[in-house]
Amino acid sequence: MGKIAATVGTFDGVHMGHQTLLSELVKNGKEKGLPTAVITFDVPPISVIYPTRPYQQLCSLEEKKQRLLMSGVDQVIIIEFNQTLSHLSAEDFMRDILRDKYHVEYLLVGYDHRFGYKRSEGFEDYREIGRNLGIEVCKSQEEFIAIDKTVSSSRIRALLGTGLISEANQLLGYNYTITGKVVGGFRIGRTLGYPTANIIPDTPHKLIPAHGVYAVFIHIGSKRFRGMLYIGNRPTFENGHNITIEVNIFDFKDDIYDRTITLELVALTRNDKKFDSMEELRDQIRKDGEQIQELLADY
């Protein structure tokens, strides 16, 4: 491997802030005549540093890799984040991993990004370490601001958790997606006249947005369909705490059990609620479908 220009980080979600940084890396790499790379991790560092702390991800490792490549970088390098790596100082990481293993000659650091054991050093430390190691270290000149706050993965998680899907999508720069396998369900939707495909996400740590009904696109193979998604615990049927993710695909009758599909969430149309009867629920689902059909007609 020859010399490269790189940036390092978790990049969960590959949101607009990340995309701004990556655009700057691609531009600077071209100016320096260096191929560009994103160095990221196989698992979120927090899952290793605090192994008992629950965590949620905006995208799986494969989703992250594909979105990083879409930014225009030449390659994505995925390294194993383990206890040994977590205890490396910034200097050890830059020398042993960045310089000696991956031959990083130019390192672009996000405006607020820190790395190394306990993240105790800052940009000026990285630049001085880089000077001694032969790595040019630069701070990103771009700080992506949207609405009134800086974009961050944690802010996007908070928006999704409260059902503010449109705001989250704006900060992501794309519509939030859930990919998973279609499994058998209780077939309640079928009895109501609206058969659904039940989804199990492909990663157990995938962030599932707030309970409610969503307007979605469904990607099956190379085809895209419109539909309405329900996320919740079916309070009308007293389903307990079990969360279901089920989608009614408009004008679709094919058997897709055991197939992997992707849900692209466009908008939350209503919150979850308990209905007094099956008839009331059926009537509301009909209204949901009509509203979502009209909403998605504009896309």
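Two strands pair if DSSP finds at least two bridges between them. Helices (H or I, at least four residues) and strands (E, at least two) are DSSP runs, numbered from the N terminus. This is a predicted model, in which local features need pLDDT of at least 70 and side-chain atom pairs count only at pLDDT 80 or more, while totals for chains, interfaces and linings use all residues. Residues are numbered from 1 along each chain as its sequence is written, and side-chain values use heavy atoms, with hydrogens and water left out.

Let us start with an open sheet of five strands, which has the order 3-2-1-4-5 and parallel pairing. Strand 3 (75-79) and strand 5 stand at the edges, each with a single partner strand, so one side of each has no neighbour in the sheet. From one strand to the next, the twist averages 25 degrees. Strand 1 (residues 4-8) and strand 2 (residues 36-41) run parallel and are joined by four bridges; Val 8 has Ile 39 as its bridge partner in strand 2.

Helix 1 (residues 16-32) lies across strand 1, strand 2, strand 4 and strand 5, running at about 150 degrees to strand 4. Such angles run from 0 to 180 degrees between N-to-C directions, with axes fitted as lines to C-alpha atoms, for helices over the stretch in contact. Contact means heavy atoms within 4.5 Å. Helix 3 (residues 61-70) also packs on the sheet, touching strand 2 and strand 3, and its direction makes about 150 degrees with that of strand 3.

**Helix 6**

Which residues of helix 6 are buried (under 20% relative accessible area; exposed is over 50%, partly exposed in between; 1.4 Å probe, protein chains only)? In helix 6 (residues 123-133) they are Phe 123, Tyr 126, Ile 129, Gly 130 and Leu 133. They cover an arc of only 125 degrees around the axis (taken from the directions from the helix axis to the C-beta atoms), which puts them on the same side of helix 6. Arg 131 and Asn 132 are exposed on the other side. The cover over the buried residues includes helix 5 (90-101), strand 4 (104-109) and strand 5 (136-139). Just after helix 6, Gly 134 takes a positive phi of about 85 degrees.

**Selected residues**

| Residue | Relative accessibility | Class |
|---|---|---|
| Cys 59 | 3% | buried |
| Ser 153 | 12% | buried |
| Cys 138 | 22% | partly exposed |
| Arg 259 | 40% | partly exposed |

Ser 153 is found in helix 7 (residues 153-161). Not counting residues up to four places away in sequence, Ser 153 touches Asp 12, His 15, His 18 and Leu 58.
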